[in-house]
Amino acid sequence: MENPQTIQKSLPLVDNPVPNNQIRKAELLPDSESRLDSMEMKEKPIADSDIPFRDMTDVASKKRSIHQLIAILNVENNIRYQKTIEDTYCNVYSYDYCYFSKVYLPTVWWTAESLEKILQGQEVEAIFEQTVDRIYSSAIHDWFLEWGASFGWKRMHTADEIQNKVNENGGIGIICAKRKEKGLSGHIVPVIPETDLHKAYRQNGVVIYPLQSQAGKLNYNYFSEVRQDWWNDELYTSFVFYYHE
């Protein structure tokens, strides 16, 4: 990883900041088999009335309900997010975090054929492994650049900028990195509002490592300094910071 005192910047990727009003969410219906205590149905939203959605009343309620959500999702311990021999589940956790925060992040996305029909104005039903397939973190990186603006995401450019936006507005921050080697996992994590107990890491008052939450090889309800600027790791070809109210 790079020296944390160096300027953090993305590679000069082209992003599309203009929303497309023809594009639609690719989202399956919640399923009773999609649960925190199960490894099944990770492509579907969790159907559990005990999991709170983000309270949008005001900034304080947004931030309070985000931390309630982190406690209930409990990425460190719940079966849904534990790594297996085959895989890790950063994308599943980030999807769940966004879903219950009332923000759209895909866990499945339209096939090329379905996408073409939608952009031609046709109605397409989301059917798993027919019209939609799972989308993983490296592809989500590209999805943000192409489609993020169409779903209300705004690109940020520094760790300090995204942490401050999340703190000030109780919004949703995401860091997503694309793997250099095609076919291998990238990584995606939410950026979390700070509390008295959980803080970002700063140098000279500037956020160097945001407060984050992740599933991965190691799962953390909260972390900042322990993984440093992981998105600058040589494993990744590029990264993006995005924010949503």
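Because the model is predicted, local features were taken only at pLDDT of at least 70 and side-chain atom pairs only at pLDDT 80 or more, whereas totals for chains, interfaces and linings use all residues. Residues are numbered from 1 along each chain as its sequence is written, and side-chain values use heavy atoms, with hydrogens and water left out.

Helix α1 (residues 59–73) packs on helix α5 (residues 159–169) at an angle of about 110°, and their axes are 7 Å apart. The axes are lines fitted to C-alpha atoms, for helices over the stretch in contact, and the angles run from 0 to 180 degrees between N-to-C directions. The two helices, α1 and α5, are therefore roughly perpendicular to each other (angles of 65 to 115 degrees; under 35 counts as roughly parallel, over 145 as roughly antiparallel and the rest as oblique). On the α1 side the contact (heavy atoms within 4.5 Å) involves V59, K62 and K63, which meet V166, N167, E168 and N169 of α5. By class, the contact of α1 with α5 has two nonpolar, two polar and three charged residues. In this classification Ala, Val, Leu, Ile, Met, Phe, Trp, Tyr, Cys and Pro count as nonpolar, Asp, Glu, Lys and Arg as charged, and the others, Gly among them, as polar.

A nonpolar core is a set of buried Ala, Val, Leu, Ile, Met, Phe, Trp, Tyr and Cys residues joined through side-chain atoms within 4.5 Å. Burial is assigned from relative accessible area (buried under 20%, exposed over 50%, partly exposed in between; 1.4 Å probe, protein chains only). The largest nonpolar core has 48 residues, of which Y81, W109, W143, F144 and W153 touch the most other members. Two or more residues of this core come from each of α1, α2 (90–100), β1 (108–110), α3 (112–119), α4 (137–147), β4 (172–179) and β10 (236–244). The most is given by α2, with eight residues. Leaving aside neighbours within four places in sequence, Y81 is in contact with L36, I46, L73, V75, Y89, V92, Y93, D96, A215 and N219. A second, separate core of 18 residues includes M156, I175, A200 and W231.

In α3 the buried residues are S114, L115 and I118. Seen down the axis of α3, these fall within an arc of 100°, so they line one face of the helix; the arc is that of the directions from the helix axis to the C-beta atoms. The buried residues of α3 pack against β1 and α4, while the face turned away from the buried side carries the exposed residues A112 and E113. Just after α3, G121 takes a positive phi of about 95°. In α5 the buried residues are A159, I162, Q163, V166 and N167. Seen down the axis of α5, its buried residues fall within an arc of 130°, so they line one face of the helix. V166 and N167 also belong to the contact with α1. The residue G170 follows α5 and has a positive phi, near 65°.

Positive phi values also occur in residues other than glycine. M41, in the segment before α1, has a phi near 55° and counts as partly exposed at 29% relative accessibility. Q228 has a positive phi of about 50°; this residue lies in the loop between β9 (220–223) and β10 and is partly exposed, with a relative accessible area of 37%.

Three further loop residues were considered. T88, in the loop between α1 and α2, is buried, with a relative accessible area of 19%. Not counting residues up to four places away in sequence, T88 touches K83, G216 and K217. S185 lies in the loop between β4 and β5 and counts as partly exposed at 36% relative accessibility. With residues up to four places away in sequence not counted, S185 touches D87, S137, S138, R179 and Y236. S185 and N91 are 94 residues apart in sequence and 9.8 Å apart in space, C-alpha to C-alpha. L197, in the loop between β5 (187–191) and β6 (201–203), counts as exposed at 70% relative accessibility. The C-alpha atoms of L197 and F53 are 22 Å apart in space, and the two residues are 144 residues apart in sequence.

Conventions
Helix = DSSP H or I, 4+ residues; strand = E, 2+ residues; numbered from the N terminus.
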